[in-house]
Amino acid sequence: MGGGCYGTFYASQLAKAKARGKVDYRTVIVVDRNPNCRARHELGEVPDRRYATQEWTSFFDAFFDVSLDASDDFIVPSPHMPHLMFEWVLGRARRRWPQRTVTVEPVPGEIGTPYDRTAQDATRYVSFADWICPTHCIEPALCPAIGAPRTWEMGDAVRGLADRLRREGRAVAGPALFVCKHHVFGVGTFAAEAVLAGDRLVAEAGASGEPAAVLVGTISSCHGAVNLLRIDAAP
């Protein structure tokens, strides 16, 4: 996602990994609204790389519309992108139930991370790091920032939050988690199929017509963006 500084680096690293036999792929798609983005300028045109000149949201609307089997596709996120996969799942829910109110609510409860901020759009940004992380950190078992074992896992923290909310009597499904892990040569990815699974979870949660809520997060081992999708009762 993006053909600027980060996207150019990731596309370059994937090309190097493929050339050295460390990874294989059909195509790398660089998505950037700028037709003259840095990646196109620096990396050029090759048979296994193409450029999609689109806004990220419109790209995913089209991509998932025709890629209902995305079992071998992976998404390379940008560290500074908005919570795109939640936005896609939210849009799908609103199109699925045009007669129902589908909203975004602040995520309640304690996650237990030292960094915990809720943005104006109700996205809750959390991190186990209260330090500046190394650029392109692959989040190894030994944390390079503190020189000690990494004893935390964001997935466990978000799942724990969902369990606590349910014990408090809240009807919360999930979480649907899109987990970014180091793939190769410093490039992190999460599976496109995980996004489709999240969409299916939302569809199941709202299928009865009763009010429902689904916890959705895009996370790595150390950091995350979490939202609560609320579906009102069917009329």
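Let's start at the hairpin of β10 and β11: two residues sit between the strands, and F185 takes a positive phi near 50° there. Strands here are DSSP runs of E with at least two residues, helices are runs of H or I with at least four, and both are numbered from the N terminus. Strand β10 covers residues 181–184 and β11 covers 187–191; they run antiparallel, joined by three bridges. Pairing requires that DSSP finds at least two bridges between two strands. V184 has V187 of β11 as its bridge partner.

A quick word on the model: it is predicted, with local features needing pLDDT of at least 70 and side-chain atom pairs counting only at pLDDT 80 or more, while totals for chains, interfaces and linings use all residues. Residues are numbered from 1 along each chain as its sequence is written, and side-chain values use heavy atoms, leaving out hydrogens and water.

Now, friends, the helices. How do α4 and α6 pack? Helix α4 (residues 84–96) meets helix α6 (residues 192–206) at an angle of about 40°, their axes 10 Å apart. The axes are lines fitted to C-alpha atoms over the stretch in contact, and angles run from 0 to 180 degrees between N-to-C directions. From α4, the contact (heavy atoms within 4.5 Å) is made by residues including W88 and R92, and from α6 by residues including L196 and D199.

Finally, salt bridges: a side-chain nitrogen of Lys or Arg within 4 Å of a carboxyl oxygen of Asp or Glu. The whole structure has 17 of them. One joins R95 to D61, with the closest N and O atoms 4.0 Å apart. R95 lies in α4 and D61 in helix α3 (residues 56–66), so to speak distant parts of the chain, 34 residues apart.
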